[in-house]
Amino acid sequence: MLCLVAATFMLLLVLTLSGISALTTIRGYVVGEGLWSKAQKQSVNALHRYARSGAESDWEEFEACIDVTLGDRLAREELERLHPDMDVVMEGFERGQIPEEFREGMAMLFRRGRNIGFVDRAIEIWTEGDQQIDSLRVLAGHLREVRESPDPDSERMEALLVEIEAVDGDLTVLEADFTATLNDGAF
């Protein structure tokens with residue numbers, strides 16, 4: 001009887017510690033989304049400044065900020081592989097500015113939680129966000145071409161900024177959906 005009580009206690013302890021670990025890992029994803037979102041918003045602001053100023057420093061800020069999102073994408077794409085290179089995953093999380101204490105748990109949850117509904121949905125949202133980042137990068141490239149032309153077309157730049165704002169709006173919705181999906185799943 002004492003063995004049964006001890007075994008039950010150990011099982012409950014393992015389940016409790018696993019639950020705490022999973023919640024900590026989910027927190028890592030929410031922190032990551034905040035960093036991703038901030039970088040994305042800063043990149044859009046840098047594009048607006050670049051359109052007005054043409055300053056290379058504004059363009060470089062756009063590139064530095066967008067690189068945060070590209071780092072997270074690198075990690076996600078590598079984790080999707082059958083046999084991911086964990087060094088590449090960690091490099092991606094580092095570029096994405098994910099705090100080191102969350103990285104391993106995030107990779108494990110991604111790999112092991114893919115068949116859990118809310119985790120799978122969060123990854124789908126992340127993928128959609130990466131596709132929108134691609135659109136943002138294309139629009140930024142067009143903006144740069146127009147801005148660097150000998151006679152920049154202000155109407156074309158304004159139209160591009162409107163398109164950039166539309167993508168930014170779509171990304172804001174995805175960011176909120178990602179966080180809500182993870183929070184709901186944690187509950």
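Predicted model: local features only at pLDDT ≥ 70, side-chain atom pairs only at ≥ 80, totals over all residues.
Trainee: How many aromatic pairs does the structure hold?

Mentor: Rings count as paired if their centres lie within 6.5 Å. By that rule, the number of aromatic pairs in the structure is three.

Trainee: How is the pair of Trp59 and Phe62 classed: stacked, tilted or edge-to-face?

Mentor: The two ring centres are 5.0 Å apart, with 40 degrees between the planes. Stacked needs under 30 degrees and edge-to-face over 60.

Trainee: Which helix holds both Trp59 and Phe62?

Mentor: Trp59 and Phe62 are three residues apart, and therefore about one helical turn separates them. Trp59 is buried at 7% relative accessibility, and Phe62 is buried at 4%. The helix that holds both is α2, residues 56-79.

Trainee: Is Phe110 buried or exposed?

Mentor: Buried means under 20% relative accessible area. Phe110 has a relative accessible area of 2%, so Phe110 is buried.

Trainee: How many salt bridges does a search of the whole structure find?

Mentor: Side chains of opposite charge can pair when their charged atoms come close. A salt bridge is counted when a side-chain nitrogen of Lys or Arg is within 4 Å of a carboxyl oxygen of Asp or Glu. The search of the whole structure finds a total of 16.

Trainee: How many residues apart are Asp134 and Arg73?

Mentor: Their side chains meet in a salt bridge, with 2.6 Å from N to O. Asp134 lies in helix α5 and Arg73 in helix α2, so the pair links distant parts of the chain. Asp134 is partly exposed at 28% relative accessibility, whereas Arg73 is buried at 18%.

Trainee: What is the distance between the closest N and O atoms of Glu124 and Arg121?

Mentor: Both residues lie in helix α5, three residues apart, or about one turn of the helix. Glu124 is partly exposed at 37%, and Arg121 is partly exposed at 29%. In their salt bridge, the closest N and O atoms are separated by 3.3 Å.

How values were computed
Residues numbered from 1 in each chain as written. Heavy atoms only, no water. Phe/Tyr/Trp six-rings, centres within 6.5 Å; stacked < 30°, edge-to-face > 60°. Helix = DSSP H or I, 4+ residues; strand = E, 2+ residues; numbered from the N terminus. Buried < 20%, exposed > 50% of the residue type's maximum accessible area, 1.4 Å probe, protein only.
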